[in-house]
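Please open the model in your viewer and follow the stops below in order. Each stop says what to select and what is found there.

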Amino acid sequence: MTSAIPTPAPAHGHGEHPKHNLTGFIIFLCSESVIFLAFFSGYAILKTSALNWLPAGVDGLEWRTPLLNTVVLLSSSGAIVVAEHFKAKEKLWLFRAFWLLTMAMGAYFLYGQAVEWSGLKFGFTSGTFGGTFYLLTGFHGLHVATGILLMGIMLIKSFIPGNYEGGEQGVQATSLFWHFVDVIWVVLFLLLYVWQA
Amino acid sequence: MTSATFPADPKPPAGWSRYFGFSTDAKVIGIQYIVLAFFYFLVGGFLAMIIRGELITPASDLVDRTVYNGIYTMHGTIMLFLFIFPVLNGLNNLLIPTMIGAPDMAFPRLNTAAFWLVPVFSLLLVSSFFVPGGPAAAGWWSYPPVSIQNPLGHFINGQFLWILAVALSGISSIMGAVNFVTTILRMRAPGMTLFRMPVFCWTALAAQSLQLIGLPALTGGAIMLLMDLSFGTSFYRAEGGGDPVLYQHFFWFYSHPAVYVIILPVFGIFSEIFPVYSRKPLFGYVYVALASFIIVGLGLVVWVHHMFPSGVSQWMRDLFMGTTMLIAVPTGVKVFAWLGTIWRGKLRLTTPMLFCLGGLFNFVFAGITGIMLATVPVDIHVSNTYFVVGHFHYVIYGAAVMGIFAAIYHWFPKFTGRMPYEGLGKLHCLLTFVGANLNFLPMHPLGLMGMPRRVSSYDPEFTFWNVIASLGAFLLGVSIIPFLLNMLSSWIRGPKAGHNPWNAIGLEWLLPSPPPVENFEDEVPTVISRPYGYGTGEPLVEHQAEIERRLELQEATA
Ligand code: HEM
Ligand SMILES: [Cu+2]
């Protein structure tokens, strides 16, 4: 992240080497993806080896509401790209607007998830079907919530004068995280809602 | 720190108090890790003494059977999560920044947080001795169904605390790994390309990559275990449609690589130390460095060798037998490289060198029994017997712990500014080597004869070897006394160490002993050659002679 603006010489004292934050965060994301991989493979193994996958009285998952949710979450990835674009052009207010839009879409996704959960006829102790469903959607939802929180922090930070001059790695990292959460959801949607046979 | 002119303050801020607070200085954190780890080494060792005390007679007479289950479980868990990982992270903290010429770690505050999680989860784990029902007793691998039973029905039970502690340990290790990898990738001295990097840093990079890839699987598996134990799910409960073997996959997907997380840095230590005391360059440096990553790749696809008797299909057994045996190749490359380094060298048999030689010997022995265990029919025969316990203690005590002792003696002068005593060191080495072999060798015949592990009583036909093993264990217990004496007395009043007491080559030896807070600060020397230029007369960095002269001058006037 070398920008044209010369870095003020002694701005970073002992204990701060800000230029490596993004590297560190990418490494962390790679690691974090493994835990999802573990849950996904656990789900696949349990599902393919189950004798009675669906609990009594449940005949599959309704996919229309989740599909709407998916569309909203995926579009929010576009919104965050637009936000970043405006930040690069130093149009901070437009950046904030689209950033807030992304947050709102994320919040809508969580709301939709909550509505879906409350209408379900099975709980997380309803066999491995219920357990994996709530584990996967819950763990992913936790990541969505974390993403919204991170965006909130970045939004507040954008009001510190001069803070975002010369590139802010926090914004990049948050946006990367948001795309990550999105990609995970796509896999999750395919595994949970599309693969119902 | 004030402005940076080269002979920087020779002394870091003195005083012991900084070791007891939240410091962000990697060199302080490194020592905090190591001291805390050795405290738990004593705790885990004490439990081992109880185990061996129990096993000196065939009857179960020293402790109750259920207590015994808790004791070996906690012995294994403490030794791994509270001794060996923390002590290695301590070495990483001390060595990585100084070896690559970085002022500190990439994320000093993350580093602090990662360290302080260790005492937190250690207290959680130790507190499980005092909850109703006692500590976790399902063995260090916590297989269901044993680990998801909660007969007393208390929400907070030993197994619950065990899972929490292991999960926290995982978080701490991931924080550490992100930090180490970023530091190595982004903060090397000018001129230090990857192929000019000391092998210890290569192995640390490899080991920490394994942490990043493997640990999340264990954490995921542990979350599901906790839900089964405490919240009524049935991921691993066969009667609820779950699959107990699934847990074994999660567990070993991490815990096999974990043995490389332990042994790779020890390979790094061997690769650093053999050249110094043989006065020869490391034989086949590039191959030794690259072999670390071949081990990473292969190490990720061998985990099922722990599950040969668990009802996995035959093709999986065959496949994983093959990959496991393949690992012998990159490992063998390293062993031959070390032998090639020692070959016709001018050997100096100092304490660190002796520990490395002993460690290498034990490692080769463990490698042979490892190949035996990789063979499916042999493994099925000796699975869950003392043969396995003997094999992995040869790796972990015989090779890893001895390598760690070597590292401590070798770099002690650098980070404390004092020389350790050679006599006590050699005594410690001798007792360790003899004790370890006396303790762990008899476990092999015992296993072949069929003595199962994790039992507090056994058939009297096994008595002979068990008595010998116990005597070896008590000798190991005694061996720690000269070590502690040495560390304490030499740290307090040992002879002052110069910047390079062993005549070693490496950036860390171009720093004063102990190094100032930010190491080279802004005057990081430019690296111009490969490491280990022993006997070649090639300088490692630009203006090396000048830097050394200044250090000597500083020492003369101090
Ligand atoms: C003081 C020297 C040591 C002695 C005498 C010793 C002895 C033993 C014995 C006898 C067992 C088997 C218990 C049983 O199956 O009934 C055992 C298990 C184990 N030890 Fe050690 N050990 C020592 C050091 C270490 C070290 C340094 C480590 C690791 C860093 C370690 C890790 C383990 C592990 C992981 C187990 C398996 C526990 C289980 O079965 O769940 N030990 N030890
Ligand atoms: Cu293994």
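Contact here means heavy atoms within 4.5 Å. This is a predicted model, in which local features need pLDDT of at least 70 and side-chain atom pairs count only at pLDDT 80 or more, while totals for chains, interfaces and linings use all residues. Residues are numbered from 1 along each chain as its sequence is written, chains are lettered from A and ligands numbered from 1 in the order in which they are written, and side-chain values use heavy atoms, with hydrogens and water left out.

**Stop 1: the interface**

Select chain B and chain A. The contact takes 36 residues from chain B and 28 residues from chain A. Together the two chains bury about 2,600 Å², 72% of it on carbon and sulfur atoms; buried area is the accessible area (1.4 Å probe) that two parts lose on being put together, summed over both. Between chain B and chain A there are zero salt bridges (a side-chain nitrogen of Lys or Arg within 4 Å of a carboxyl oxygen of Asp or Glu).

Now show α3 (108-127), α4 (158-186), α5 (199-230) and α6 (244-278) of chain B, the elements that give two or more residues to the side touching chain A. Helices are DSSP runs (H or I, at least four residues), numbered from the N terminus. The largest share of this side, nine residues, comes from α5(B).

**Stop 2: the iron atom**

Which residues coordinate the iron atom of ligand 1? Select His75(B) and His393(B), whose NE2 atoms coordinate the iron at 2.0 Å. Donors are N, O and S atoms within 2.8 Å of the metal (3.2 Å for Na, K and Ca); water is not among the atoms, so sites may look incomplete. His75(B) is in helix α2 (residues 65-100) and His393(B) in helix α12 (residues 386-416), 318 residues apart.

**Stop 3: the copper ion**

Go to ligand 2. The copper ion is coordinated by His256(B) (ND1), His305(B) (NE2) and His306(B) (NE2), at 1.7 to 2.0 Å. Of these, His256(B) sits in helix α6 of chain B, and His305(B) in the loop between α7 (285-299) and α8 (314-326), 49 residues apart.

**Stop 4: backbone details**

Select Pro144(B) and Pro145(B), which are joined by a cis peptide bond with omega of about 10°. Pro145(B) is in the loop between α3 and α4 of chain B.

Then move to the loop between α15 (463-493) and α16 (544-557) of chain B, where Pro514(B) lies. The peptide bond from Ser513(B) to Pro514(B) is cis, with omega near -10°. Asn503(B) is in this loop too, and has a positive phi of about 60° although it is not a glycine.
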